[in-house]
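Thanks for coming, everyone. Please look at the model first.

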Amino acid sequence: MASDTSDRNGDGSQESAMTRLWTILAAPIGIVVVVVPASAQVDGDLIVQPAIPQDFNRDRNVSVTERPQPDYSPLGVPLGGFKLYPRIETGAGGTSNTYYTLQDKIASPFLYVQGSARLASSWSRHLLRITATATQRDYIGESRRNENQWSLDAFGRLDVYHSLTIEADAKASRQTENLFSGAVTSTVAALSHYRRNFASLKTTYTQGRLRTFALLDYTNLSYSNAPLLTGDIFDASSRNRHVVRLTGQLEYARSPSVSLFAQLGGARTVYDHDPLSGLPRTNSKEARLLVGTNVDIAGRVRGTIGLGYSIRDYDASVYRPVRGLSVEAQLEAFPTDRLTIGLSSERTIEDSTVGSRAPYWNSEFGLRVDYELLRNCIITATGEYSRQSYLDSSRKNNIYRMGTAARYSVSRRMSLRGAISYSQRSSSNNADLGSANEARIEAGIAYQL
């Protein structure tokens, strides 16, 4: 993996170089937008995903979890030109480390209930889908750790004609923080909640072997103050921010199974408040070039592999520019009809509030295996490794996660689910602040129409 470099030139040369870079970046994307208006999507484990989800599925392979189950799929409730799919799940479980502390760990059982509803159009052209979800998780005897999450998502697709589609998405949600986020310590992440508002516009134009995407998205993040175990209140207002991104991609199909793509994107991140430490805000501009291939070979493999280069420049001169290799890969192999093996990898630049607030490189590798034990029973095993390397510091976090889960469909309306997992984060510096581990088990029953 190529080494990262940081530009130590004076402020004037840094600003001039970044201005030229954004001028170069804006030119080709501007041309794309003239042809097809802009758009994008953000989702997944990271709060702000860095890339466009690649559309590598050409219906030549069907994974174990995607395979239709006519005898067990919900029928929905017809409502004119729509169908409503309500669902409720309840269950219980336990954790060995409620607050993700290194010492004096507190184990606790929990109960949870999740309700959701999806309203989807059944039109021959165009699409409208509205999804709402609410989850309440109560830790018995440890109410400080309780989780109250919800989300509301509206997605629409306009099929202008056979080669041009326009997609719009708007989402509001309240979420809990990823417990292994490198942005804060584990004990803060365990008690952190935030609001996320997201909107995107995406246009896809296809002509012969060429396909073009133009994307624009906006994300706003607002964090709640966290009541720590010490009795103190962690003021998270300095983490509030908004991110605007513009991305363009050109894809060329060399064959029905293989295509090549080049992606160019830019992002602007602005924080709402100054840090309490007295350091300046980590407002930044970022540019990324990614090239790669999408494949979907029948009965063998499908996925995407992309390699590129990222540059992030901060408004405040106290933070050095960051540049280095970017990676985005996701592959699925199909040894048999009943077995799917997935591999994934990603390398991105992330912001942090730890120490000097210097950013860090986040490198992730994942393995997933889905096996259809019975026609109505799927077993899943996962393993993940992440490494967080902080700039301007010797601090490095190593994260390991492994788990297994099973889903058993009793009937079209009822299903059972169980999962067990183990997670660990070790830190090379300030271990008492960044290291933690947890074993977790849970089981639930779901009912749907």
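Start with a charge and a ring. The charged end of Arg118 sits over the ring of Tyr85, 4.3 Å from the ring centre. The rule for "over a ring" is that NZ of Lys or CZ of Arg lies within 6 Å of the ring centre and within 35 degrees of the ring normal. Arg137 does this with Tyr112, at 5.0 Å from the ring centre.

A word on the source. This is a predicted model, where local features need pLDDT of at least 70 and side-chain atom pairs count only at pLDDT 80 or more, while totals for chains, interfaces and linings use all residues. Residues are numbered from 1 along each chain as its sequence is written, and side-chain values use heavy atoms, with hydrogens and water left out.

Now, rings with rings. How many aromatic pairs does a search of the whole structure find? Seven. Rings of Phe, Tyr and Trp (its six-membered ring) pair if their centres lie within 6.5 Å; planes under 30 degrees apart are stacked, over 60 edge-to-face, and the rest tilted.

Take Phe82 and Trp123. Their centres are 5.4 Å apart and their planes at 75°, so this pair is edge-to-face. Phe82 is in strand β2, Trp123 in the loop between β3 and β4, 41 residues apart. Strands here are DSSP runs (E, at least two residues), numbered from the N terminus.

Is Phe82 buried or partly exposed? Partly exposed, because its relative accessibility is 22%. The cut-offs are under 20% relative accessible area for buried, over 50% for exposed, and partly exposed in between (1.4 Å probe, protein chains only). Trp123, at 40%, also counts as partly exposed.

Next, Tyr360 and Tyr390. This pair is tilted, with 5.0 Å centre to centre and 35° between the planes. Tyr360 lies in strand β17 and Tyr390 in strand β18, so the pair ties together parts 30 residues apart in sequence. Tyr360 is buried, at 5%. Tyr390 is buried too, at 7%. Elsewhere, ring pairs link Phe365, Tyr385 and Tyr400 into a cluster.

Back to strand β17, where we also find Tyr371. Tyr371 is partly exposed, because its relative accessibility is 34%. Leaving out residues up to four places away in sequence, Tyr371 touches Val64, Arg338, Leu339, Cys377, Ile378 and Ile379. Contact means heavy atoms within 4.5 Å. The C-alpha atoms of Tyr371 and Thr340 are 6.6 Å apart, though 31 residues separate them along the chain.

That's my tour. Questions, please.

How values were computed:
Helix = DSSP H or I, 4+ residues; strand = E, 2+ residues; numbered from the N terminus.
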